[in-house]
Amino acid sequence: MKNNSNFDCIVIGAGHAGAEAAHAAAKIGAKTALITIDKNSIAKMSCNPAIGGLAKGQIAREIDALGGLMSLAIDATGIQFRILNRSKGPAVQSPRAQADKDKYAKHVRGLLEDTPNLTIIEALVSDIITENGKVKAVKCADGSMYFAPTCIVTTGTFLKGLMHIGTEQFPGGRLDEPASNELSDSLRSLGLQLGRLKTGTPPRLDAKTVDLDKLQVQLGDENPKPFSFLNDKITTPQLPCWITYTNEEIHKLLRDNLDRAPLYTGQIKSAGPRYCPSIESKIVRFADKTRHQVYLEPEDSDVTTIYCNGISTSVPRDIQRQMIKLLPGTENAKIIHYAYAIEYDYCPPAQLTQSLETKKIGGLFLAGQINGTSGYEEAAAQGIIAGINAALKLQSTEPLILNRDQAYIGVLIDDLLTRPIIEPYRMFTSRAEFRLSLRADNADRRLTQIGKSVGLVDDTRWKKYQQKLNTIEKLKTHLKNTRTDGITLWDQLRQPTSKLAGKLTDLPEIKTQNFPADTIEAVTIDAKYQGYLKKQDRLAAQLQNLQKKKIPGLLDYNSIEHLRLEAKEKLTVFKPATLAQASRIAGVTPADITVIQIHLKKHFPQQGGGK
């Protein structure tokens, strides 16, 4: 076998998870192969042409802080930037940006092509070869073989993907792209359990045929804020989006044709994303609503196609055409791509360790929709963690595990390992009990040091981060040492009714030192949240105490006296790594945790039951 077939890490699939995984592994030092069916589909935005959103924006910023690609790509190709929840507190404010989807994909591909140690290969992987319970190689449909001790599977919706438009059914991983069928069988043969999930997309319209003048305009922010901590401003022209609404005529059309809708005929048997339902599901679940909001979003900077955000569907083509004719503003619109639903195989993530490595096969990692998630950001977050941990495994180094109090990424992975996946998982701010400190604005202060420690943060990012820390400390010192009316400026900022935050830049001593906007924002938020964060820190300390108490992987829960039957069943399925994880599994009570802790103290004092 030729030398160019030997690698340290192989990444299967080049969507948002695969791109981050390959970049991370290669940049840390692993000789990496990224295998994709089509190089032109790298980081393809197959659904919504946007990055960020509620909680998702925090994840994108965390990926950036660790040294990932997503935020750099959206800053370079975004066509509308907005901060969501601006009227609410900083903890739930999230950045979101529309992308020129083709430029976004090309930009990510360019970043990957410039990454040392990374080779991009066009092929369809059909089999994962193992030896003695460890990854050895992958085999492709064309007969080629590539060898590596680690492999990251990031197949998105391609595993036995089956697409639906009305009664039409055809195999595919995405529109006009083939499904990956043999790889599903390979994963099963390795002893992994697979299930089925469903997702879908709305129709795309020819923008020239949409009457945009009839619609409500939604503008981006006047001063667009970058996603990446490396960028100070966005200079590309900003475009509007448009808002329209469904109506009772559309609802009647859909209700009258539910017998032709795959979701209601039994043709689709898999669970779809509850928080991003199809329009036919909306009119059934919310029968009292007379209209639903639809965002018409440009997919490119020339506004050639429109994405109809809010009417995802799998009804037949003729019903889709009638629906578009009844939608205000699109009465004469031409459909470029019809909406469709897709069912695909996934691996329930209880089969993974915290590093995203499978428990059954050493060196085999899974990331993205194969783990039952939805969304580009959730996929990319798993990808960067899997890539980092594959590289660390090659170095015989302890894996990177982000806890729930450190990052939304930590919340995401912990949820996947402790909750049954009955529908595609989506991140929300409400899932994070430490969201006051897991803000979009401070992701760099939480994670840049970690990214540096694993070798993913480069000198340019590190230098900029150190400069920011220095200016933050300088401003805090000034505020704490400067008094007006007998009270420090810092304490004034902490007062809920204080208007000082909006006037800081007008103070002469602040003005002359020309502090950057992100520094002033960071210090202002730190001051306002100081009291709340102290309370949260105490909760985090309690979590960390349980997090330190490890549970042996081979622990037989059925042998533990006084442990309830339901707890034994759930713990046997999920096999938590720590008492903290065990405490979050549905059906496991605080009393069960006490019983386990007593058992560990008695039988495994060195693991988790000690003081």
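Reader: Which residues does Leu436 touch, not counting residues up to four places away in sequence?

Author: This is a predicted model. In it, Leu436 touches Ala91, Tyr529, Tyr532, Leu533 and Gln536, leaving out residues up to four places away in sequence.

Reader: Where is Leu436 found?

Author: Look in the loop between helix 11 (408–418) and helix 12.

Reader: How does Leu436 count by its relative accessibility?

Author: Buried means under 20% relative accessible area, exposed means over 50%, and partly exposed is in between. Leu436 has 26% relative accessibility, so it counts as partly exposed.

Reader: How far apart are Leu436 and Asp102 in sequence and in space?

Author: They are 334 residues apart in sequence. In space, C-alpha to C-alpha, the figure is 35 Å.

Reader: Now Ile385. Is Ile385 buried or exposed?

Author: Ile385 has a relative accessible area of 1%, so it is buried. It lies in helix 10.

Reader: What does Ile385 touch?

Author: Again, leave out residues up to four places away in sequence. Ile385 then touches Leu66, Ser355, Leu356, Leu400, Leu402, Ile409 and Ile413. Ile385 and Ala17 are 368 residues apart along the chain, yet their C-alpha atoms are separated by 9.5 Å.

Reader: Ile409 is on that list. Which residues is Ile409 in contact with, leaving aside its neighbours within four places in sequence?

Author: Ile409 is in contact with Ile59, Glu62, Ile63, Leu66, Ala381, Ile385 and Leu402.

Reader: How should I think about a nonpolar core?

Author: Start with the general idea. In soluble globular proteins, nonpolar side chains tend to be buried together. Now the case here. The largest nonpolar core has 108 residues. Tyr104, Ile128 and Ile409 have the most contacts inside it. Helix 10 (residues 376–394) gives the largest share of this core, eleven residues.

Reader: What comes just after helix 2?

Author: Gly67 comes there, with a positive phi of about 110°.

Reader: Let us turn to spaces. How many cavities of 30 Å³ or more are there?

Author: A cavity is a set of points where a probe fits but cannot get out. The count comes to two cavities of 30 Å³ or more.

Reader: What lines the largest cavity?

Author: Its lining has 16 residues. Gln354, Ile401, Leu402, Asn403 and Gly410 lie nearest its centre. Helix 11 and helix 16 each give two or more residues to this lining. The largest share, five residues, comes from helix 11. By class, the lining has eight nonpolar, five polar and three charged residues. The space in this cavity is about 120 Å³.

Reader: Which residues line the second largest cavity?

Author: They are His16, Ala19, Glu20, Ala43, Leu69, Met70, Tyr104 and Val108. Six are nonpolar, one is polar and one is charged. Helix 1 (16–28) and helix 4 (101–113) each supply at least two of the lining residues. Helix 1 has the largest share, three residues. The volume is about 50 Å³.

Reader: And a pocket? Where does the second largest pocket lie?

Author: A pocket, unlike a cavity, is an open set of points. Begin with the domains. The protein chain is divided into domain 1 (204–341), domain 2 (459–541) and domain 3 (548–607). Domain 1 and domain 2 both give residues to the lining of the second largest pocket, so this pocket lies between them.

Reader: Which residues lie nearest the centre of the second largest pocket?

Author: Lys225, Ala517, Asp518, Thr519 and Glu521 do, out of 40 lining residues. Helix 2 (56–66), helix 12 (443–454), helix 13 (459–481) and helix 16 (517–547) each give two or more residues to the lining. Helix 16 gives the most, with ten. The lining has 17 nonpolar, eleven polar and twelve charged residues. About 960 Å³ of space lies in this pocket.

Reader: What separates the centres of domain 2 and domain 3?

Author: Taken over C-alpha atoms, 43 Å separate the two centres.

Technical notes. Residues are numbered from 1 along each chain as its sequence is written. This is a predicted model: local features need pLDDT of at least 70, side-chain atom pairs count only at pLDDT 80 or more; totals for chains, interfaces and linings use all residues. Side-chain values use heavy atoms; hydrogens and water are left out. A nonpolar core is a set of buried Ala, Val, Leu, Ile, Met, Phe, Trp, Tyr and Cys residues joined through side-chain atoms within 4.5 Å. Buried means under 20% relative accessible area, exposed over 50%, partly exposed in between (1.4 Å probe, protein chains only). Helices (H or I, at least four residues) and strands (E, at least two) are DSSP runs, numbered from the N terminus. Contact means heavy atoms within 4.5 Å. On a 1 Å grid over the protein atoms alone, a cavity is a set of points where a 1.4 Å probe fits but cannot get out, and a pocket is an open set with protein on both sides within 12 Å along at least five of seven lines; lining residues have an atom within 4 Å of a point. Grid points are joined across faces, edges and corners, and a volume is the space filled by probe spheres set on the points. Ala, Val, Leu, Ile, Met, Phe, Trp, Tyr, Cys and Pro count as nonpolar, Asp, Glu, Lys and Arg as charged, and the others, Gly among them, as polar. Domain bounds come from an automatic or database domain assignment.
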